[in-house]
Amino acid sequence: MANAREIEISPIMKIIEAETHPPERVYFFDTTLRDGEQTPGIAFTLEEKLKIAQALDQLGIDVIEAGFPRVSDADFQACKQIPQLGLKSEIIGLARIGKDDINKVIDCDMDSIHVFIATSDLHLRDKLKITREQCLEKIIEGVEYARAHYDIVEFSAEDATRTDLDFLIKVNQTAVKAGASRINIPDTVGTITPRGFAYVIQKNREVLPANVRISTHCHNDFGLAVANSLAGVEMGAGQIHTTILGIGERAGNADCAQCAMGLFAMYGLKTNIKTKLLYPTYKLVESLSGFPISACAPLVGKNAFRHEAGIHAHAIIQNPRSYEPLTPELIGIPRSDKLSDIIDQSIQIGKHSGGHALKAKLESLSIPFTHDQFSEIMNRVKSFGDKGRRIMDEDLMAIVRDVIGSIPEEEKFIFLDELTVLTGSVTPTSTVKMRIKVNGGYDTQIASAVGVGPVDASLKAIMTAFANVKKFDIPRLELMEYQIEAVTGGTDALASVTIKLRDEQKREYEAKAVHEDIVMSSVKAMLNGFNKAMIHKYKKK
Ligand code: MN
């Protein structure tokens, strides 16, 4: 078992150990290039297949299924060229059990052969239109022919899990007698549970010779491909068929990384997989297949090592194993040991964040803050999340800058009470209601203006309101610059507005504001600028 600090799993696994019979070592048979390529929407070019084969070899895959040479010329080419790369992995080719298919694998000069025939009554009756006896005859003839050319013959009874169990065992025994050294048991349409699959493997293991490797090939129609594969290993399967990204027919095949890390972490089993190469291999296949890794994909998804809930984030800072079963480094996802980086990479600040995560994040960024500023930042982060938005680092920084850079309430002279904007296929019109602190009391001003757009109308309304103040000397300010920028992409991004105002003494005041609404951020930036000018004019006296 791996270092306890790298992996922390359920102690119950120790209790059930006596009930399982896994082999010493589990072999990985990768079918990304065969079953994986049968994924609707995925087609690799020859160059891409060669690249993937090399990556699989480096990853430590024992057997690479390069293709099904009889089905297409593209498959034939890949099956011919991949064996010539001189890889350590065994390169196997798929064939239906007839001579024509087997000859195609022989033509490609592959290392070994994988032959199959369907065995369920459903397939025999409706697809092959043969009897069980005819099926057995084909197996004897086909496996013997393949064995005459190859030392290693892997045999698959297609649709094994829907085949009568006694007949399946008879089929597999027949294949072994005819020369097959590996028996693969496919759950072709993914219709069995882990307990059921373990039973099938166990029954085959009991009767097949010990030197025959039993293999699993599980499909994910019910999301059980990985669970079924692991259950098969528990009962003696020594090889599992997997694909990178779990791609494959329909809902796909058992996922390589999940099987590899499951065997490594949960059972402490020996495999040839270099786990640190899993993530790089996934990224390669992701880019070549154009099949994006889902954010919540186990182990390799963007969220696999992220934490948002406050208590989780707090605990992760104390000990990452508290909410992570294993370290991301184990599968090749880089993460520095530095606390600030851990916080940065793994704690996603969002509406479920508690104070701990946000505090740690701000501290990691060396941002000083007061108690009030912290509460304000927290409120704004939460309200951002409540609007259904995912807060990005850039958003957080914009909010932090806005809060920390803003003028404390007690120092302000101008307060916005109302803003009403009318826009659309009308003349853009804006009405502002402001309060201005005057000699210990407040002077309320309401003004309206029209403009070329809602921002222009609003800024003009503010200017008009100030011009109407009689009891108090307001600095005469001119708008010199106005810039608006979306903090992140998307129509729901925060809008950051920066303005520059100039007074009669040519003194300049720069002010910023951030808000989801561009009119609000513009108005807030304008009032921040006026407040700065007012503070300059009156506070010094
Ligand atoms: Mn399959």
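Predicted model: local features only at pLDDT ≥ 70, side-chain atom pairs only at ≥ 80, totals over all residues.
## Helix packing

From α17 come P454, V455, S458, L459, I462, M463 and F466. These meet I518, V519, S522, V523, M526, L527 and F530 of α18.

## Cysteines

A disulfide is a covalent bond between the sulfur atoms of two cysteines. How many disulfides does a search of the whole structure find? The count is zero. C108 is in no disulfide, and the nearest cysteine sulfur to it belongs to C79, 5.1 Å away. The cut-off for a disulfide is a sulfur pair within 2.5 Å. C108 has 1% relative accessibility and so counts as buried.

C259 is likewise in no disulfide; for this residue the nearest cysteine sulfur is that of C256, at 7.4 Å. The relative accessible area of C259 is 0%, so this residue is buried.

E286 belongs to helix α11 (residues 278-289). Is E286 buried or exposed? With a relative accessible area of 17%, E286 is buried. Leaving aside residues up to four places away in sequence, E286 touches L245, F291, P292 and I293.

One of these contacts, L245, lies in the loop between β8 (239-242) and α10 (256-266). Phi of L245 is near 70 degrees, a positive value in a residue other than glycine. L245 has a relative accessibility of 19% and therefore counts as buried.

## K129

K129 is another residue other than glycine with a positive phi, here near 55 degrees. Where is K129 placed? This residue sits in the loop between α5 (121-128) and α6 (132-149). K129 has a relative accessible area of 63% and is therefore exposed, whereas L245, at 19%, is buried.

Definitions and conventions:
Residues numbered from 1 in each chain as written. Heavy atoms only, no water. Buried < 20%, exposed > 50% of the residue type's maximum accessible area, 1.4 Å probe, protein only. Contact = heavy atoms within 4.5 Å. Helix = DSSP H or I, 4+ residues; strand = E, 2+ residues; numbered from the N terminus.
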